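Please look over the sequence and the model shown here before reading the report that follows.

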Amino acid sequence: MAFVTQQHCKQVAAESFKASLLHCCPFRNCAFRSRPVAVQRYQRQRRTLPVAQQSPADDITPAWSTDSIGAQLTALTPHSGYHYDGRDGRFFEGWYFRVALPEPGKSFAWMYSIENPSGKGEFTAVGAQVMGPDDTYLIHQSSDVKTFWADPDSLALGACFQRAGQMSPPRVPVTEGQFNTAVAEGFQASLTSHHGSLKRREEGTVGQLPSTAEKCSWSISVVPQYGWGPPLGKQRATAGWLAAFPVFEPHWQIMMARGLATGWVEWDQQRYEFQGEPAYWEKNWGGGFPDKWCWVQCNSGWDDLSCTAAVTAVGATRGVLNLPGVKEEVGLIGIHYGGTFVELVPWNGSVSWDVAPWGRWSLTGRSDEFEASVTATCSGDGTALRAPTAERGLAPACRDSFSGSVHLQVWRLDSQGRRQGLPELDVRSSAAAVEIGGGPWDSTWTADGTMKEPLRSLVQLPVDVEGLASALPGNLKPPGL
């Protein structure tokens, strides 16, 4: 754990004061963006958060380091880094970052993907999708994979689609001022900051899924609260330690189940300003998305205003050992609340789901200690989104909405597997993100999550892959860990 020095406190105070002056200045964005017509401000939670120091534009230096975020680095999960190992074959990696605003349906999610980074293959592209309020949509796609960069050891990625001047675009996270000076269109993201500006660009995209927004710009800082694991304990790989090997197709990692986001987003002519609103990070990598999946995620809007619970529930059909035709249906329910982490997966219990083609999700799970139920509904139509697929590249493959209503219940079980009275957690929210993907979806999908042997027994072994990898020379360490 890092200790905060008096000098660091003074620096944060000075930076916060400077940021407050910039926030009050009506001309602070005129140098590079026109002022939007309408401004929507959210200040439900008043928190003072560190802001990135503005450095001279001609002196690009990394803004993300142990010194700058201190103890927040303990929230890093395994697989936060970029997994590409230089191969020429089919490979993708994708990231999902969401900020949930207080009004139902008023959220933002950014989805970044890189496909065939070697530049070889039928589907070679960098994709940047944004899902906006009321299920609106924007995509910017480029076939130039050299514009993309990512860190193999940490959550840090970005792309420059258009330069702002003669300066070389950064390939590490930098301050907002440095980024805006060098990048006219593009993005950069880390665990604690997220900046970018995009315009719709659909040239080369697959499928009939046009943007419904023209442009988006944003600047967001994040304070992580939950990674994936006990809040004060070692963070875990979402799919267990076997995720470090080419066992599953694809792989999946939740990197931040809940954080607090502060900043602004300009969505066409509307500006949204927010402070201390819940955020979420996850990622996938491999050859392509699952054949079929369902997903529910919520970390905000609970009817108990003191509740800071975060839940992610998923069911999916995935490949195993890269063997043609070898599939398994696997599920997960993960919940953080009140200092407790509940992880219900096929290797420590059971997970089942009953999901309609659209509008209803029901997932349940049990372990020796806990039982959980996640039920969600959505009356709106949602919007289609693209996802990296093995057969078509970045193509329409899923349907999402920010207007899900979710009911979350958790019971603690006694030694006989019986519920100990009323639910330990029983909350509802109308701010859930819900999704179905792949297919076919011509009828209700009812399934029990399973894990094939010997993988089920192997994943339960206490193997510290991250610890072993850290002892290897840099050139032998698997990328992504």
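## Contacts and overall make-up

Among the contacts in the protein with a separation of 6 or more, 66% are between residues 24 or more positions apart. This is a predicted model, and the protein in it has 5 helices and 24 strands. Of the 481 residues, 55% are buried, while the accessible surface comes to about 20400 Å², with 53% of that area belonging to carbon and sulfur atoms.

## Aromatic pairs

The structure holds 22 aromatic pairs. In one of them, the ring centres of phenylalanine 97 and tryptophan 110 are 5.8 Å apart and the planes stand at 35 degrees, so this pair is tilted. Because phenylalanine 97 lies in strand 2 (residues 92-100) and tryptophan 110 in strand 3 (residues 107-115), the pair ties together parts that are 13 residues apart in sequence. Both phenylalanine 97 and tryptophan 110 are buried, and both belong to an aromatic cluster that also includes Phe108, Trp218 and Trp267.

Phenylalanine 289 and tryptophan 293 form an edge-to-face pair, with 5.3 Å from centre to centre and 65 degrees between the planes. Here phenylalanine 289 is partly exposed, at a relative accessible area of 23%, whereas tryptophan 293, at 5%, counts as buried.

## Charges over rings

The charged end of lysine 283 sits over the ring of tryptophan 285, at 5.7 Å from the ring's centre. Arginine 318 lies over the face of phenylalanine 248, 3.7 Å from the ring centre.

## A nonpolar surface patch

Leu458, Leu461, Val463 and Leu468 make a nonpolar surface patch of about 320 Å². Within this group, leucine 468 is placed in helix 5 (residues 465-470), and its relative accessible area of 58% makes leucine 468 an exposed residue.

Terms used:
Residues are numbered from 1 along each chain as its sequence is written. This is a predicted model: local features need pLDDT of at least 70, side-chain atom pairs count only at pLDDT 80 or more; totals for chains, interfaces and linings use all residues. Side-chain values use heavy atoms; hydrogens and water are left out. Helices (H or I, at least four residues) and strands (E, at least two) are DSSP runs, numbered from the N terminus. Buried means under 20% relative accessible area, exposed over 50%, partly exposed in between (1.4 Å probe, protein chains only). Contact means heavy atoms within 4.5 Å. Accessible areas come from the Shrake-Rupley method with a 1.4 Å probe; for residues, only the protein chains shown count as cover. Patches are made of residues with over 30% relative accessible area and no salt bridge: like charges are joined within 9 Å, nonpolar side chains (Val, Leu, Ile, Met, Phe, Trp, Tyr) within 5 Å. A salt bridge is a side-chain nitrogen of Lys or Arg within 4 Å of a carboxyl oxygen of Asp or Glu. Rings of Phe, Tyr and Trp (its six-membered ring) pair if their centres lie within 6.5 Å; planes under 30 degrees apart count as stacked, over 60 as edge-to-face and the rest as tilted. A charge sits over a ring if NZ of Lys or CZ of Arg is within 6 Å of the ring centre and within 35 degrees of the ring normal.
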